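Here are my notes on this model. Please read them with the structure open.

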Amino acid sequence: MELHRQQQIQRPTNLQVALEPPSLRAPPVRSALVSSTIQERQHCAGFVGDSLNRNMFVSLVCALKKASADVKKWRPAGADRGFTFLQYNLTVAYHRTNLLARYGRWLANNNGGALESLGYKQGFRVDVDFPDGTWAKAPRFHDILIFNTGHWWWAPSKFDPVKSPMLFFEKGLPVIPPIQPNYGLDMVLKHMITFVEREMRPGAVIIFRTQSPRHFEGGDWDQGGSCQRLEPLSPELVNQFFSLNKNGINVEARLVNQHLYAALKGSSFHILDITHISEFRADAHPSTAGGKKHDDCMHWCLPGITDTWNDILMAHLHSI
């Protein structure tokens with residue numbers, strides 16, 4: 001795992017992350033993590049993304065509850081869920097968004113149009129230059145923001161390329177000729193990075209987490225795929241699972257990361273690269289214990305690897 005800095009960001013002097021207060025000092029970081037503020041302003045951290053960022057958010061909240069049980073539920077700035085730890089005046093929130101950009105059902109207009117003329121009857125409209133309303137206000141509220149996206153972009157079960165394709169719009173108009181999701185992802189990342197950098201609070205820390213790997217074997221989630229391993233993968237098996245050259249079931253993680261690194265180059269974002277360290281943990285998913293009709297080989301058990309993501313994230317925040 002590496003946390004790269006695209007650009008050094010100076011934190012304001014009235015914010016401070018205290019990872020190991022004397023009364024709670026104990027390794028690892030997750031068992032001792034607390035945050036405090038100096039002077040009058042609250043310290044707020046927001047996770048923005050799909051259910052894998054929720055997985056990371058829940059891990060952090062569990063760690064914080066070990067440090068302080070004085071907690072109040074709160075959903076700030078359009079958040080799906082959030083908690084304020086009163087003892088430390090710290091708010092942590094999760095903003096659910098699948099694509100970062102605003103999207104919704106699209107149906108052909110009886111009066112015709114550019115897409116209709118090409119034979120499109122329905123699909124999902126994705127406005128590449130409009131953030132999803134669930135997090136549009138988050139950059140002006142939070143002092144720390146952790147973003148992710150990717151799992152929904154290569155999901156034919158969600159966006160069937162024939163029956164319900166992703167149709168991209170920019171400045172209110174359809175992108176013609178229509179483009180594939182990988183190009184749409186590039187457009188969304190470009191616009192969302194610009195939006196966050198323009199709207200963020202002065203001195204805020206903005207972070208993009210790389211793709212969390214999946215570990216399906218024998219098929220994808222809707223094709224009978226499973227994850228029954230009881231031990232981490234060897235380096236050789238990791239390469240078999242995730243090599244782009246092999247184009248296997250789980251290639252999504254490294255593929256998405258190529259787009260993320262290209263889009264974030266030269267930006268103010270820090271990159272939290274959790275992909276490779278997580279690729280080994282084929283044994284760490286809920287599998288049949290996830291309460292679903294299929295094996296859950298995408299989300300992570302708690303305690304688990306997401307605790308490690310937060311350990312290194314918090315250590316990094318403490319260092320800047």
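1. What does the accessible surface of the chain come to, and what percentage belongs to carbon and sulfur atoms? The surface is about 14,800 Å², and 51% of that belongs to carbon and sulfur atoms. Areas are from the Shrake-Rupley method with a 1.4 Å probe.

2. On provenance: this is a predicted model, with pLDDT of at least 70 needed for local features and 80 or more for side-chain atom pairs, while totals for chains, interfaces and linings use all residues. Numbering starts from 1 along each chain as its sequence is written, and side-chain values use heavy atoms, without hydrogens and water.

3. The chain has seven helices and 14 strands (DSSP runs: H or I of at least four residues, E of at least two, numbered from the N terminus). Of its 320 residues, 51% are buried (under 20% relative accessible area, 1.4 Å probe, protein chains only). Take contacts (heavy atoms within 4.5 Å) with a separation of 6 or more: 72% join residues 24 or more positions apart.

4. Helices α3 (residues 181-199) and α5 (residues 252-264) have axes that come within 10 Å and cross at roughly 35° (lines fitted to C-alpha atoms over the stretch in contact; angles run from 0 to 180 degrees between N-to-C directions). From α3, the contact uses N182, L185, D186, L189 and I193; from α5, H259, L260, A263 and L264.

5. Helix α7 (residues 305-319) has 15 residues and spans 22 Å from first C-alpha to last, close to the expected 21 Å (1.5 Å times one less than the number of residues). Its buried residues include W309, L313, M314 and L317, but also D307 and D311.

Methods. Buried means under 20% relative accessible area, exposed over 50%, partly exposed in between (1.4 Å probe, protein chains only).
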